[in-house]
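Colleague: I'd like to learn how to read a model like this one, feature by feature. Could you give me the general idea each time, and then the case at hand?

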Amino acid sequence: MAAPLSADQFLAALRAEGVRVVEVGAWRTHNRNARGAWGPVHGVVIHHTVTSGTQDSVDLCYDGYNELPGPLCHGVIDKTGTVHLVGYGRTNHAGSGDSSVLGAVIEESALPRPTSNDVDGNARFYGFECINLGDGRDPWPAAQLEAIERVSAALCRAHSWGSGSVIGHKEWTNTKIDPVGFTMPEMRTRIAKRLGGQSDPDPTTPQESSVPYTLGEYSGTAVTLPPNQWTTLKIGADADLITDAQAYTATVYLTVAAPEGSTLQGRFYHRRRDGSRWDAAIVERQATPGSSFVDFSHSGSISDGETVRFEITYGPADTTDTKPATITTARARGLYWK
């Protein structure tokens, strides 16, 4: 889960992974943001187009059609492995899906079978359409499968996700069958292998000088939150999430056991050399029955000697309640530029 990359960061991440990219029209600002939220994002959804022919498929995904306006994805992967960027922001690709699947993607755990369609996937996933008829007979060339692997790994690397953050459309909702012709477990194995080693960018692809560093920290140590007290979290080796940077975008997401209806407030802050601090805006979440998945995002810039930290406070619905809440897992993911 993370704040979406900017269009420039997105393009740089793809090129750094060796993806051959074609920029189509005004793709950077072509989106459906006026219709709803875009982000935080949790992963990547892979589709097939049920079309043939590169230009017709790219045009369809850029423009959409009467019942479903474009863009219909972020990128179209053709048979040669070239990725045509057709939109950036909210796009009409994932539709509604299962909240249990979303939880599994966030945790990168085994995917349940989708049975309900109660979550807006267009706000939460990057999406790539792959040119294929989806009839089980139309071939998937090796170059196209490699491109799917590369674009998925690029975004996983940029957000410090694992291969479990990449799913097929049919794994998101019980109303779709795509992709047909290869299996997503096999593709996730390929992505995991690529993430486990060094990427091997195509030497003919220009490399961006602004490729970011990745933030990826995890803690499974339980943290007790006394009511109405701010607690700075140690998600990595210490409380400092980011140091030696100029700009960053970061998301902290937590699993919290707290009474239903209680309030969770989180904020990032910059700690200066002299011990003083600058506080970002407070973001508020409500606890739900059982364990709550909550996320807090922020983008900013820091000066020399400053570090980025995150703190949280818990407020019971019953103000006389003195029982603490408990954070059971904590992750910090994002990008930063030196």
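Modeller: Strands (E, at least two residues) and helices (H or I, at least four) are DSSP runs, numbered from the N terminus. Before we go on, this is a predicted model, where local features need pLDDT of at least 70 and side-chain atom pairs count only at pLDDT 80 or more, while totals for chains, interfaces and linings use all residues. Residues are numbered from 1 along each chain as its sequence is written, and side-chain values use heavy atoms, with hydrogens and water left out.

Colleague: Good. Which residue is the bridge partner of His270 in S19?

Modeller: That's Val308. The pairing behind it joins strand S15 (residues 263-271) to S19 in the antiparallel sense, over nine bridges. S19 also pairs with strand S13 (residues 231-232), again antiparallel, over two bridges. There, Thr232 stands opposite Glu311.

Colleague: And how do I read burial? Why is S19 said to be largely enclosed by the rest of the structure?

Modeller: Buried means under 20% relative accessible area, exposed over 50%, and partly exposed in between, with a 1.4 Å probe and protein chains only. Strand S19 spans residues 307-315, and nine of the nine are buried, so the strand is largely enclosed by the rest of the structure. Look at both faces: Thr307, Arg309, Glu311, Thr313 and Gly315 lie on one side, Val308, Phe310, Ile312 and Tyr314 on the other, and all are buried.

Colleague: What about S14: how many of its residues are buried?

Modeller: Nine of the 11 in strand S14 (residues 247-257) are buried, so S14 too is largely enclosed by the rest of the structure. As for its partners, 11 bridges join S14 to strand S18 (residues 291-301), running antiparallel, with Ala247 paired to Ser301. Another antiparallel pairing links S14 to strand S20 (residues 325-337), over 11 bridges. In that one, Tyr253 stands opposite Arg331.

Colleague: Now sheets. In what order do the six strands of the open sheet run?

Modeller: Read it as S1-S6-S5-S9-S2-S10, with mixed pairing. At the edges sit strand S1 (21-23) and strand S10 (166-168), each pairing on one side only. From one strand to the next, the twist averages 25°; for such angles, axes are lines fitted to C-alpha atoms, for helices over the stretch in contact, and the angles run from 0 to 180 degrees between N-to-C directions. At the S1 end, S1 and strand S6 (residues 83-85) pair in the parallel sense over three bridges, and Val21 has Val83 as its bridge partner. Helix H6 (residues 184-196) packs on the sheet, touching strand S2 (43-48) and S10, and its direction makes about 160° with that of S10. Contact here means heavy atoms within 4.5 Å.

Colleague: Which strands does S9 run parallel to?

Modeller: S2, joined to S9 by six bridges, and strand S5 (residues 75-77), joined to S9 by three. Cys130 of S9 is a handy landmark: His48 stands opposite Cys130, and Ile77 has Cys130 as its bridge partner. Strand S9 (residues 125-130) is mostly covered, with six of its six residues buried. Phe125, Gly127 and Glu129 point one way, and Tyr126, Phe128 and Cys130 the other.

Definitions and conventions: Two strands pair if DSSP finds at least two bridges between them.
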